[in-house]
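Subject: Structure for your records, with notes

Dear colleague,

I am passing on the structure we spoke of, with a written account of what was found in it. Please read the notes with the coordinates open beside them.

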Amino acid sequence: MTLQDHLKHLLWLMEPPFTEAFKGHCWHRAQDIAMDPEMASLPSLLTAEMQKRSKASTPTPKSTGERNDL
């Protein structure tokens with residue numbers, strides 16, 4: 001598998017409804033795969049992609065037109 005293949009697979013495994021414990025397993029797997037010098041950047045790529053997805057799934061608050069700066 002290529003680096004991108006591993007990244008896609010781990011991201012797919014970490015999607016809901018998987019538990020936090022299973023996500024932990026995926027992070028450990030990424031670290032194991034990264035022992036191969038060609039795959040060394042996998043944990044950092046996984047971290048960056050998860051942060052990007054987290055930001056994309058966080059709803060932005062809608063403005064009500066009211067001021068909250070009392």
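A nonpolar core, as the term is used here, is a set of buried Ala, Val, Leu, Ile, Met, Phe, Trp, Tyr and Cys residues that are joined through side-chain atoms within 4.5 Å. Please keep in mind throughout that this is a predicted model; the mean pLDDT of the chain is 84, with 81% of its residues at 70 or more. Among the elements, the mean pLDDT is highest for α1, at 93, and lowest for α3, at 88.

As to the overall layout, the chain holds three helices and zero strands, so that the order from the N terminus reads α-α-α. Of its 70 residues, 23% count as buried, and the accessible surface comes to about 5,700 Å², with 58% of that belonging to carbon and sulfur atoms. Of the contacts with a separation of 6 or more, 49% are between residues 24 or more positions apart.

The largest nonpolar core has twelve residues, namely Leu3, Leu7, Leu10, Leu11, Leu13, Met14, Cys26, Ala30, Ile33, Met39, Leu42 and Leu46.

Leaving aside neighbours within four places in sequence, His6 is in contact with Met1, Ile33, Met39 and Leu42.

Finally, α3 has 16 residues and spans 22 Å from its first C-alpha to its last, close to the 22 Å expected at 1.5 Å a residue. In α3, the residues Leu42, Leu46 and Glu49 are buried, and they lie on the same side of the helix because they cover an arc of only 70° around its axis. An α-helix has 3.6 residues a turn, so residues three or four places apart point the same way. The buried residues of α3 pack against α1 and α2, whereas Lys52 and Lys55, on the other side of α3, are exposed.

With best regards

Technical notes
Residues numbered from 1 in each chain as written. Predicted model: local features only at pLDDT ≥ 70, side-chain atom pairs only at ≥ 80, totals over all residues. Heavy atoms only, no water. Buried < 20%, exposed > 50% of the residue type's maximum accessible area, 1.4 Å probe, protein only. Contact = heavy atoms within 4.5 Å. Helix = DSSP H or I, 4+ residues; strand = E, 2+ residues; numbered from the N terminus. Expected span 1.5 Å × (residues − 1). Arc of directions from axis to C-beta. pLDDT = per-residue confidence, 0-100. Areas by Shrake-Rupley, 256 points an atom, 1.4 Å probe, with all protein chains shown as cover.
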